[in-house]
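Biologist: I'm new to this one. Could you walk me through it and tell me what the labels rest on?

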Amino acid sequence: MAMTSAANPPLGLLAELTHRCPLRCPYCSNPTELEQAAQELSTAEWGRVFREAAALGVLQLHVSGGEPAARRDLEAIIAHASEAGLYTNLITSGVSLDARRLAALAEAGLDHVQLSIQAADAATGDRIGGMPGGHNRKLAFAQLVREAGLPLTVNAVLHRQNLDALPEMIELALALGAGRLELAHVQYHGWAYRNRAALLPSRAQLDAATTTIAAARPALRGRLVIDDVAPDYHAQRPKACMGGWGSSILVVTPSGKVLPCHAAAGLPGFDFPDVRTTSLREIWQHSDAFNRFRGTSWMPEPCRGCERREKDWGGCRCQAFALTGDAAATDPACALSPHHALLQSALEEAAASDGAFQYREMRRQPAAAG
């Protein structure tokens with residue numbers, strides 16, 4: 001059995017501290033059944049997770065949510081990560097952090113900030129994020145990050161309703177003082193799948209964006225690094241799922257479930273292990289959840305006989321399930337998949353959509369402990 005070796009340590013840990021968030025982004029990849037505050041891991045439990053991650057070989061910690069700043073103990077959580085020797089990247093909307101809290105996070109050992117933006121202008125950004133005034137709060141927060149001396153990445157999730165303003169988003173990242181811009185096309189999981197028809201871009205939009213990025217990279221070399229996460233629905237070949245299922249990253253949900261990718265919680269037939277009862281090392285090396293789609297022996301045809309099978313690893317398991325109902329199917333993003341026509345059907349549905357969003361909403365919650 002060809003393996004993306006379980007003996008190799010994961011490179012990164014995505015810690016989803018909470019699903020609470022002041023924004024209502026319709027492309028959110030959190031599951032539609034959001035975990036409640038009362039289920040969240042405690043400060044001490046996160047500290048133990050970070051120590052286990054460091055012992056396993058993890059180097060980078062991405063602190064996410066929801067909005068991680070919704071945790072009142074965020075500074076203590078960052079301190080635990082720093083004490084474990086992890087490089088800490090805070091993934092935030094920026095709308096609920098002030099100078100005092102940012103200084104406390106830096107003092108606790110925060111290494112890097114990744115700020116999300118929804119658009120280049122306030123009206124569009126506030127509409128997409130579902131929060132009046134949110135865009136301007138983000139701009140103010142970026143200034144605070146600069147003043148604190150922390151490196152800044154701007155993350156822009158791209159879709160039909162903001163893609164035409166890509167040149168302006170690149171200029172905004174420069175104006176905010178970012179060293180890196182991550183341009184991530186929507187991946188259609190969770191809330192994003194519910195809003196797929198309102199979000200899928202046209203081929204013409206995608207081609208124009210590709211041209212813009214190709215011109216911007218050399219022009220801004222030395223000023224801004226641009227990363228581009230390509231979309232799937234216009235593809236002929238799939239991307240490797242997180243570099244290969246269970247090959248490079250661990251995701252821990254707010255309640256302590258451990259996933260091979262952030263969207264895997266929605267897959268049926270899995271009993272995802274829990275950090276409250278099982279060590280990260282045991283989960284990474286021996287759990288069925290991480291071993292089921294490692295390597296190539298699980299693959300159906302045409303994947304099993306394909307020369308790209310150890311490059312794309314069969315594509316995305318979550319996308320295969322969302323589109324076909326079978327997580328072990330060939331990713332329909334592949335032109336060789338018998339289900340590839342489903343992508344064209346989705347694009348036709350998007351072309352006829354009125355663009356209305358079903359916003360991410362969280363049910364009323366009990367008070368949080370953290």
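Biologist: Which residues does leucine 61 touch, leaving out those up to four places away in sequence?

Modeller: Leucine 61 touches Leu13, Ala15, Phe50, Ala81, Leu86, Tyr87, Thr88 and Asn89, where contact means heavy atoms within 4.5 Å. Bear in mind that this is a predicted model, where local features need pLDDT of at least 70, side-chain atom pairs count only at pLDDT 80 or more, and totals for chains, interfaces and linings use all residues. Residues are numbered from 1 along each chain as its sequence is written, and side-chain values use heavy atoms, with hydrogens and water left out.

Biologist: Why is leucine 61 called buried?

Modeller: Buried means under 20% relative accessible area, exposed over 50%, partly exposed in between (1.4 Å probe, protein chains only). Leucine 61 has 0%, so it's buried.

Biologist: What makes α2 roughly parallel to α3?

Modeller: Helix α2 (residues 74-83) and helix α3 (residues 99-108) pack at about 20°, their axes 8 Å apart. Angles under 35 degrees count as roughly parallel, over 145 as roughly antiparallel, 65 to 115 as roughly perpendicular and the rest as oblique, so α2 is roughly parallel to α3.

Biologist: How do you know that arginine 24 forms a salt bridge with glutamate 361?

Modeller: The rule wants a side-chain nitrogen of Lys or Arg within 4 Å of a carboxyl oxygen of Asp or Glu. Here the closest N and O atoms are 2.7 Å apart, and the pair counts as a salt bridge.

Biologist: And why is arginine 24 called partly exposed?

Modeller: Its relative accessible area is 27%, so arginine 24 is partly exposed.

How values were computed
Axes fitted to C-alpha atoms, helices over the stretch in contact; angles between N-to-C directions. Helix = DSSP H or I, 4+ residues; strand = E, 2+ residues; numbered from the N terminus.
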